[in-house]
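Thanks for coming, everyone. Let me put the model up on the screen.

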Amino acid sequence: MEDTTRFKRFLKEKNLPTPWCPGCGNGIILKSTCDAFDELNLDTDKTVVVSGIGCSGRSAGFFNLDSVHTAHGRAIPMAEGIKIANENLHVVVLSGDGDLLGIGGNHLLHASRRNTPITIICFSNEIYGMTGGQVSPTSKQGAKTITTPDGCKDTPINVQALIKAHNCFYARTTTFHLKHLKKCIVEALRHPGLAFVDVICQCIVNNGRRIGFKDGYDMLMHYKNTYKINENADLLKEGEIGITKVGVVK
Amino acid sequence: MSKLLLQGNQAIVYAAERAGLGFFAGYPITPASEILLEFVGRKRVKVLQMEDEIASINAIIGASLAGRKTMTATSGPGFSLMQESIGLAHMMEVPLVIVNVQRVGPSTGMPTFPAQGDIMQSRFGSHGDYCPIVFYPNSVEELYQHTFSAFNAAEESLSPVILLSDGFISHIYETVELKTYPTVDRTRPPLGMGRRHFTGLTHKDNTKPVTSDPEVHRALLRHLKKKCEDVSEKYNFYEYIGNDTADTLLISYGALSRAAYKFRDKYALFRPIRIFPIIKDLKEIAEQYESVIIMEMNLGQYRNQVESVVHKHVELVSLTGGKIDLKEIWDKLTAIKGRGRKRVSVAD
Ligand SMILES: Cc1ncc(C[n+]2csc(CCOP(=O)(O)OP(=O)(O)O)c2C)c(N)n1
Ligand code: SF4
Ligand SMILES: [Mg+2]
């Protein structure tokens, strides 16, 4: 039988518990990332995780690896500096949608243009969780948040288009589709250039509950019913998850 | 030993390379752009032109944690953008060098004219309490020398060190002897070699954040402050030209201090090179004179700091707008009543 505890060697158990609310999706991504590290048998002396600021930004501190917790939005340039200074390191960014696509959006634009070989795992909970539930760059049109009580007027950022425009790796998955989530992270880690994994995940406390979900499980069931896997698409449509076809790496 | 005619900005690059720089990231800005340009094609240094100054400083923080000696260079507007991450580098104890070639501000100001408007920004620009080491040379030769000082102080204090310059000394050409000064190597293992957590949150021993214990925060602040102060003592660089016949000490630094030499027969001169932490000897030196005047290319940023050390009123000669004019300086000095050469010695 498969040993299901092997992921723990990547986890700093003595730093647990995490500060996350019961029912939050962040822990699922943390564990799946450890699982993916384990599947690839990554060398713990050659793997570094970097986070920004936010609920998701706290994830770096729970890896049994050297880890860096940067300023809000700055995980990507910090990761690029690390990677370019020592190309033998696997550098993995784990951070929030607000952090990576809002305040840090310009860095993603340019890191993908440079195709720096780092793996970025984006916790897309469509909200600024840590600060109490303000609208985020991934919030859908019409989304009710504390700063958009009448519904968000703007369109969400099309991060897929941005990443694909620069011929980088783009995968979308959810915290319900556990096997798929792990596979996306594994393939991202294998990719020789910049790889972006967009993980749709639940913030129950500062988002889900306000838009009618009972609990985290309820949100997971919503992901189950909404998202269909489409492997090897050129571009994913709304409601689809999968690993998109990668162009030629420069 | 070879001698070269170098521009101030070039001298910084020559020295940085010899001090062991391995990684440079920057964004173009007058009057600092020549630094980025001078690095292009140098094989020993990885050079990145980033999308902005925030990316630049964060890239060098990452590269420094990964084991390289790192540097960035900018001017006031870019230095402002870096401030948040300067605090981060202090909290995470990351050695690096930031060159700030000052130009006239605020805002875009007068980009090609020199100024000294970033004195407070260098000391207090980031939020929270920290105690940065800041050098401000006044010649091309000194820029060369104290680039070594900046790198060494950064390594010894595990903190970001500021090397100030200005549009004047960074753009003039002077001969420089390419000496090799002793260099300090990195002691902390690079990223990948541990299970450490580097964070801007209050923390203990690089293990995990501790965000609700005031004692942990106080201990961290004490540690960060003491470390930088102790290391700074090894870099007690200043120039003091005493004057028995003068009753006034004239303080100046950077570009403007070059003009001060013209008045050495009338005043005693003091020029800090390590401008922060403030040179302790200044108190004793100032006590020997009846009065103290400071000249700066701002509205008195260093004056307030100096007063808190010398504990007496310091008169200000302020020169803004990038203009250094000896007649104007002399007029302003003499307008400060009853200061300068001792009356008795004149009568003698
Ligand atoms: C420069 C700066 N601005 C604002 C903040 C406040 N802040 C902390 S976390 C956060 C939003 C985080 O949102 P996201 O990245 O989506 O992470 P989540 O909490 O949703 O996981 C903000 C605005 C900050 N820490 N720094
Ligand atoms: S506020 Fe939201 S994102 Fe943050 S821990 Fe709670 S559920 Fe998770
Ligand atoms: Mg979020």
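First, the ground rules. This is a predicted model: local features need pLDDT of at least 70, side-chain atom pairs count only at pLDDT 80 or more, and totals for chains, interfaces and linings use all residues. Residues are numbered from 1 along each chain as its sequence is written, chains are lettered from A and ligands numbered from 1 in the order in which they are written, and side-chain values use heavy atoms, with hydrogens and water left out.

Buried means under 20% relative accessible area, exposed over 50%, and partly exposed in between, with a 1.4 Å probe and protein chains only. Helices (H or I, at least four residues) and strands (E, at least two) are DSSP runs, numbered from the N terminus.

Next, ligand 1. It has 17 residues around it, and Asp97(A) is among the closest, along with Cys55(A), Ser56(A), Gly98(A) and Asp99(A). Around means a heavy atom of the residue within 4 Å. Chains A and B both contribute residues, so the site is shared between chains. Now the polar contacts, meaning pairs of N or O atoms within 3.5 Å; within protein, one must be able to donate a hydrogen and the other to accept it, and residues adjacent in sequence count only if both atoms are side-chain atoms. A polar side-chain atom of Ser56(A) lies 2.7 Å from a ligand 1 oxygen. Asp99(A) uses a backbone N or O atom, also at 2.7 Å from an oxygen of ligand 1.

Now the strands. Nine of them form an open sheet with mixed pairing, running from β7(A) at one end of the order to β10(B) at the other. Those two are the edge strands, each pairing on one side only. Strands pair if DSSP finds at least two bridges between them. Inside the sheet, β4(A) and β6(A) (residues 195-200) run parallel, joined by six bridges. One bridge partner pair there is Ile120(A) and Phe196(A).

Last, the backbone. Most residues other than glycine have a negative phi, and most peptide bonds are trans. Thr30(B) and Pro31(B) are joined by a cis bond, omega about 0°. Pro31(B) is in the loop between β2 and α2 of chain B. Phe276(B) to Pro277(B) is cis as well, omega near -15°. His311(B) has a positive phi near 55°. Is His311(B) buried or exposed? At 59% relative accessibility, His311(B) counts as exposed.
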